[in-house]
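User: I'm new to this one and would like to learn how to read helix packing and chain contacts. Can you walk me through it?

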Number of protein chains: 4
Amino acid sequence: MSRSETLGVAVIGAGRMGADHVRRVDRVTSGARVTAVVDVDGERAEAVAARVDGCTAHTDPAAALAAADVDAVLVASPGPAHEAALLAALERDLPVLCEKPLTPDAASALRVLDAEQRLGHRRIQVGFMRRYDAEYTRLKALLDTGQLGRPLMLHNRHRNVAGPPFFTSSMLITDSVAHEVDATRWLLGHEIRAVTVLRPTPSAHAPDTLQDPQFVVLETDGGALSDVEIFVNCGFGYQVQAEVVCERGTARIGDGHALVTHTAGRWGGTIAQDWTERFADAYDREVQAWVDAARRGEVTGPGAWDGYAASAVCEAGVRALEEGGRVEVELVEKPALYR
Amino acid sequence: MSRSETLGVAVIGAGRMGADHVRRVDRVTSGARVTAVVDVDGERAEAVAARVDGCTAHTDPAAALAAADVDAVLVASPGPAHEAALLAALERDLPVLCEKPLTPDAASALRVLDAEQRLGHRRIQVGFMRRYDAEYTRLKALLDTGQLGRPLMLHNRHRNVAGPPFFTSSMLITDSVAHEVDATRWLLGHEIRAVTVLRPTPSAHAPDTLQDPQFVVLETDGGALSDVEIFVNCGFGYQVQAEVVCERGTARIGDGHALVTHTAGRWGGTIAQDWTERFADAYDREVQAWVDAARRGEVTGPGAWDGYAASAVCEAGVRALEEGGRVEVELVEKPALYR
Amino acid sequence: MSRSETLGVAVIGAGRMGADHVRRVDRVTSGARVTAVVDVDGERAEAVAARVDGCTAHTDPAAALAAADVDAVLVASPGPAHEAALLAALERDLPVLCEKPLTPDAASALRVLDAEQRLGHRRIQVGFMRRYDAEYTRLKALLDTGQLGRPLMLHNRHRNVAGPPFFTSSMLITDSVAHEVDATRWLLGHEIRAVTVLRPTPSAHAPDTLQDPQFVVLETDGGALSDVEIFVNCGFGYQVQAEVVCERGTARIGDGHALVTHTAGRWGGTIAQDWTERFADAYDREVQAWVDAARRGEVTGPGAWDGYAASAVCEAGVRALEEGGRVEVELVEKPALYR
Amino acid sequence: MSRSETLGVAVIGAGRMGADHVRRVDRVTSGARVTAVVDVDGERAEAVAARVDGCTAHTDPAAALAAADVDAVLVASPGPAHEAALLAALERDLPVLCEKPLTPDAASALRVLDAEQRLGHRRIQVGFMRRYDAEYTRLKALLDTGQLGRPLMLHNRHRNVAGPPFFTSSMLITDSVAHEVDATRWLLGHEIRAVTVLRPTPSAHAPDTLQDPQFVVLETDGGALSDVEIFVNCGFGYQVQAEVVCERGTARIGDGHALVTHTAGRWGGTIAQDWTERFADAYDREVQAWVDAARRGEVTGPGAWDGYAASAVCEAGVRALEEGGRVEVELVEKPALYR
């Protein structure tokens, strides 16, 4: 397509996240419009599509992707449905933005990598949107200047007010720590080679059988440590913080001090209660960047390899949680397409 | 126009600010496109228009506004050219976003108010973009809850690394403090009724004849004080801070603590060097909000009355600077259209 | 006295402040002990003296100062009683630490200066204890390095939870702003030559006839401005903050961020509720420094001239409050003893 | 001794720390004086003793403790000399403040515990001075209120500009992390039951064979985790920070934001370069508290059991560093005297 054309986007999945992306592409993003909404629940697809002029509703992804006005695909369906959607998009050589995880496990992720390699060029971006957060990008830019020297340790905090009722102990790793897995790989430029999960006595405010919080230690092939406090029922707010310790200094993000009040014996500010407040801008930037790149025929964000690596690390993490001790991460050799 | 149509925008003025707005409407904003660029310098208009598909270049505003694909006008020309552009836009009943100042003085601002009143509905928004800054909007929202009680004082800091060479002592008020004049009126919901300007010994880093810094005290009709430190050659960074002192507490914005480093005996962070870093998001939000409202046929931002009031206060401020002492602000009675 | 001897201190005034100084000299300070307590209320003197081994109680200052074991005098009686106590101490050539104010007005302060000049050497230190606060001393040290360049403006905040019932509008200046008057003179090394007092609508939480808050602007003979927000019924905490704006940067103290908590949707910390928490260490350091200097026969802290200058500025401030407008400060020529 | 008498203190060890304690007792502390200085190097003892009126110098601790004017003992000699000094002090039933470590290993610490139990009452305080730091004591007080709920995790940072040349990898644990071992036990009220030491690639700025930084994870018998980043060649400053994560919130100390400057594109402040700046007040308070308690015949600070427990944890830590993996801590049953 020429640069002047508007990118027609099919959004697969019309749940909370999918509907939010439809709104974003329609109302926030420049240069794109939603031309199709897909959901296994046809009524839900209809309801979301109805909010956008000229947008069609579908239950079958393949039919949607075949439409003439679909130039790109945004996958926001549940993880188990990702593989089929991704393979369908690759078959039509369409650029894809796929919400994390790429697929639920490393084996299926490898099948997606194989398909993309057969296609011969990269088409998939994975939704690790922290790479588009203003604070994370400033931290990354600072690290890349080298002025702090080599990174030695990364301390991460990831706290939610309360986890959803269906959350299991292993989902703390696969759904939450997955973000720190990607952030560690991206910020440091290292792969992760081993995972240890420590289990403090759970909070009384966590559901009975949930191991919450957990303290996860990632070891990288560059010799760095990245520790992650994940605490999904911390009760007080949504917090994502990162502190990199380098040879010549440290850098820290996530303290969120924008508005400071002094009232009734206390100074301070409010804490975001969920990710929509903390990361709304990051989602906006992510989708805009994907649209801009797609209109140029490029992929500039985290790709299928990053999705696969995160899945492999999380698999090792779940084993470390369940079995105790240190679990090594097994990665296939990195294919030429992703080097 | 129907909501599904894209808003065609004529940008008047193709200097630094105008060119940036062209880029913004073209690449950032959803639902709008630049259809015409106007500048007295035809080559400059051509150069900027050439970056946008299907955009025409003009030297005559009236001709540009007459084009069929022009639905709205963004005025970014020098202040003295604003009145004519605004009157032309009102004549065609087009929504306008006019960079501040509305016009260079209160008398010409009143003529614009008259024209808008004759038209019978509000069409003009003035570019006081702090109202769209995330921190200012949080501060305004907090004040509007009433939980801090009535505002008594507002302390403002406005610092630039270095003023442009053509800056005069009175421009510190008309070009810089103008923002705090609007912020004071908006945050407190008061009109300003008197201005005093105090003159510390100028910094050795300011040009020889420039009174820089200045300390401006605004008195409001609600009995509040708003003091403004304006320092355009502070040398170290671009800083805009505001602290409201209320009956039950204070609230402060502008400390900008996003990324904190610890290096070589110092902790801290960087300071923005100009407004593009501090307020880029605010400009994006301002223009998007204006586009969204214009497509609905509405004006939601600061209007012509706000532009007039700011001009009147700045006129009094310049007199206070030049004559010393306290100068009262004279405002006409607020017309019904703006109540 | 030789350095190895313990300094015998007579404390004049056994009210809250005097009793606290008795405890301080007895239990905190090295090298001094309380040998006499004086109060017009003999029972109060007895009660306080009884807490210290070997300490005598008096109602007559002259008798107390005549005792053999009195080497130095700490004056903590009400302001109107200071002049007599100071003159008695000078007569016996004893080192004095006098709580502020030196005396209640500039005329009586001048009589004390005269007496000290007749004595021929400096014996009086005035209790401007902010000069001993860790943050203020760091700020002063930073300014004295010159690395920030010349100071242009000083912004001060001085807030109390609630003023005592007997507080009058002029006492906001004489009792509270007096500290900023001294801090301004000390930090900048300038004398103050004019005062303006601005009066926002009083807080609904202030007593009916009290002008609270006030906004005081001090102009110095070095061309700097020092503004002071004084707000004695702010309701939320005790806060003393200062920000110096210099030609090459700013420096700020008083934010008090020692312990940061994150709870229930808020981050932040507690605010001290009165000066005992904020300045207890400063009082300890002040008295220790005075004792150490007195044992060496020296005066190193703020002297009688500083007490006089503060009284003269506060007198002008009260006139500015009552009459409106800008009031010039009249100071006698600085005697040789204080240069 | 009666409360009115001054406590005569023998200081054992006249190196940097011992000489500083002599100065502190002589010039800062109320109610105590140095009556004897002991050092194996007689000239050093003489030199330090000469600074204090009436103070004698010794090379033999036993002789010093036998002097009539010695009421208490402050042990600041090297660790291997502690056991003999402590046993001598217990023999004379003198109160002791012993710089950490109590003794270099758990076995010798147990011998000291035995001697104190034979004496039948507690006489020994160990120099874990963080318990006297203003920020740590506020954190402890907050935790003790219970308002944050049960502590789940404690994140510690301990950074030095540069380690001394003789520092070995195991000394990072025994000399540095020993402080966090005590802080963890004290803040949480738990014993530590296992230690894991993780080894990132050492900093290029650390000496060749030194494992620096290390990341130490302590598990407590209360089910909490305490992680410690120890980095003795961080290059940029001396930093001690602690963040407790509880069931209802977090609390953090050590950010040190007292004086904030804005200069040349950066905001922030200085970082202390060694412990004398960060913890000087804590040492002052520690010694004053010990003197006050000793004059009352009491021990109120961390005792011999705390010294023993820290030694036992550090022994396990050194094994964890050398052998890898998780090492359990073996403690004897807590004797009745220390319950």
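Analyst: Let's start with contact: two residues are in contact if their C-beta atoms, placed from the backbone, lie within 7 Å. This is a predicted model, where local features need pLDDT of at least 70, side-chain atom pairs count only at pLDDT 80 or more, and totals for chains, interfaces and linings use all residues. Residues are numbered from 1 along each chain as its sequence is written, with chains lettered from A and ligands numbered from 1 in the order in which they are written.

User: Which residues of α5(B) meet α9(B)?

Analyst: Helices (H or I, at least four residues) and strands (E, at least two) are DSSP runs, numbered from the N terminus. On the α5(B) side, Ala106(B), Leu110(B) and Leu113(B) are among them, and α9(B) brings residues including Trp305(B) and Tyr308(B). The residues of this contact divide into 9 nonpolar (Ala, Val, Leu, Ile, Met, Phe, Trp, Tyr, Cys and Pro), 2 charged (Asp, Glu, Lys and Arg) and 2 polar (the others, Gly among them).

User: How do I describe two packed helices?

Analyst: By the angle between their axes and the distance between the axes. Axes are lines fitted to C-alpha atoms, for helices over the stretch in contact, with angles from 0 to 180 degrees between N-to-C directions. Here the axes of α5(B) and α9(B) come within 9 Å and cross at roughly 165 degrees. The two are therefore roughly antiparallel (over 145 degrees).

User: What does each chain give to the contact between A and B?

Analyst: Chain B gives 26 residues and chain A gives 26 residues. In chain B, α1, α6, β12 and β13 each supply at least two.

Key:
Angles under 35 degrees count as roughly parallel, over 145 as roughly antiparallel, 65 to 115 as roughly perpendicular and the rest as oblique.
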